[in-house]
Protein chains: 2
Amino acid sequence: MNRPEFDLKAYLLERREKVNNQLDRILSQPAAPPRLADAMRYSVTAGGKRLRPILCIAACDAVGGAADDILAVACALEMIHSYSLIHDDLPAMDDDAIRRGKPTCHVAFDEATAILAGDALLTLAFQTLSGAGAAKPSNAAMWLRVIDVIAEAAGGSGMVGGQLLDMTAEGQPVDLPQLERMQRMKTGALIQASVQAGALMANADSEQIDHLAVYAANVGQAFQIADDVLNVEGDPSRLGKAVGSDAERSKSTYPSLLGLEASKILAREKIDQALNALTIFDNRAEPLRAIARYVIDRRR
Amino acid sequence: MNRPEFDLKAYLLERREKVNNQLDRILSQPAAPPRLADAMRYSVTAGGKRLRPILCIAACDAVGGAADDILAVACALEMIHSYSLIHDDLPAMDDDAIRRGKPTCHVAFDEATAILAGDALLTLAFQTLSGAGAAKPSNAAMWLRVIDVIAEAAGGSGMVGGQLLDMTAEGQPVDLPQLERMQRMKTGALIQASVQAGALMANADSEQIDHLAVYAANVGQAFQIADDVLNVEGDPSRLGKAVGSDAERSKSTYPSLLGLEASKILAREKIDQALNALTIFDNRAEPLRAIARYVIDRRR
């Protein structure tokens, strides 16, 4: 194929900046008490790859949509992701003091403020969606579907349910099907919803949505496997049982269950399946393709 | 006026049963992990007056709406209220072990499960709204406004923000304007949104919405004052400084700031203002009128 090399780096930089600017705008509204607003901003602007917003925008691009409100959806997804990290880090949950090199929200502020900042971010995510939708009543039905897809993925049968499974599994390592189910819920569901919401915003047809769902499921799983692999390669002594801060809690990981090499092969297979699902799309899906390749080629 | 006596008791019983049955249906969906689903059901079905759902339905009735989806909105409001109680009771927040005569969620389950049950209920509230709306695309714009109104009231500038102010005020009693602001956000905002959402579901015009907003603001404040008064009358020794479990935390209340008699007079004035705001409505607003009178006449 005589395809010009797609410049993923420039694409990511541009989209990340747009998302970050829009998040700044959303989070600088002065209606919340200052301490709460500070904690919300602190956590959302603490860095991060903005994977979910970028997948959402790239899915919209792949379908050829020029949805000018896509940033509202992208930011809602990132706010939901941020809230989940704040709550996951709490002492009663994973009890993590550092996230992305900075003190976690409950360390930088306090536990009550962290719980409330998470609650407020989740609520603001839905307000951002409903507000953007209400401003354009002609597309209202589409916005309701987007909200529905995101809410289902973020809730008890998705992200929150996966975190519950993760918590209750502590101390008793799980097997591969259990690990897969837990991660499909905990991180996979919102990644899937990010891609689907972007496609819905671009008025994708059902064939396109189905193919993008296969793409997203495989990218989501490859992303998790690659994360586990990178943790081990950063410190091979961790292969023995579990990874990173998970080690003290005896959490299972792909390398601990499959071994390092088999994990890498599995991640590559998932990416191949993700790329196969995109064959119905033209070169407007190059961002999605490049993101899939990047997931397993990235270095810490 | 030759108005037949409105049977509030029968009205409340019938609406409460409908709301409770619908909540049962929503919460019996098996998609969430069993422990999470149990904790969500435990907290939502722990009793309670269902004030917000009933205000929502009564506002819809007052405008003459026959919105058959009003139960979805009513249940979403109750799930948001329930989630806020779960999180407010947490050790890092008010640290309450008993709620409505039963162990609080984090006592009956554990802290992580309680945090996640709250998160899942908040998310399910929005999913309930978007799902009901997406099923009837012709009214989609109205549903987006309902979601927007509820999200704004529940978030950082409303309920969550009020809880943050309540937490940060601990140990330093507030003055009356601060108490009013805190309670307007913490409990008033969602009560206002309940009435407004019911009115929107019935296609209320802007004059009706404005009058109902005045009604709701006054009922919300009277409800809080009456609650404080009932606590003192249940145990007069509590008047000295603060009320009930608030006493140990030196929280200000209306009786501690105004005295008992002045508090009662203020509550009655608020109810008079609430009733005045309803003069533009016909006898279909009888439920709203009866609820307002009940707020200050109830006994524990």
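Which residues in α6(A) meet which residues in α6(B)? The tour reaches them at its fourth stop.

**Before you start.** This is a predicted model, in which local features need pLDDT of at least 70, side-chain atom pairs count only at pLDDT 80 or more, and totals for chains, interfaces and linings use all residues. Residues are numbered from 1 along each chain as its sequence is written, while chains are lettered from A and ligands numbered from 1 in the order in which they are written.

**Stop 1: confidence.** Colour chain A by pLDDT, the predictor's confidence in each residue, from 0 to 100. Chain A has an average of 91, and 92% of its residues score at least 70. Now select residues 240-244 of chain A, where pLDDT stays under 50. Where pLDDT is low, the predicted coordinates should not be read in detail. For the complex, the predictor gives an ipTM of 0.94 and a pTM of 0.94.

**Stop 2: the axis.** Show both chains.

**Stop 3: the interface.** Here 48 residues of chain A are in contact with 48 residues of chain B (contact means C-beta atoms, placed from the backbone, within 7 Å). On chain A, select α2 (34-44), α6 (111-134), α7 (140-154) and α8 (159-168), the elements that give two or more residues to this side. Helices here are DSSP runs of H or I, at least four residues long, numbered from the N terminus. The most comes from α6(A), with 16 residues.

**Stop 4: the α6 pair.** Select residues 111-134 in chain B as well; this helix and α6(A) pack at about 15 degrees, with their axes 10 Å apart. Axes are lines fitted to C-alpha atoms over the stretch in contact, and angles run from 0 to 180 degrees between N-to-C directions. The angle makes α6(A) roughly parallel to α6(B) (angles under 35 degrees count as such).

Now the opening question: A:Ile115, A:Asp119, A:Leu122, A:Thr123 and A:Phe126 in α6(A) meet B:Ile115, B:Asp119, B:Leu122, B:Thr123 and B:Phe126 in α6(B).

Technical notes. Contact = placed C-beta atoms within 7 Å. Parallel < 35°, antiparallel > 145°, perpendicular 65-115°, else oblique.
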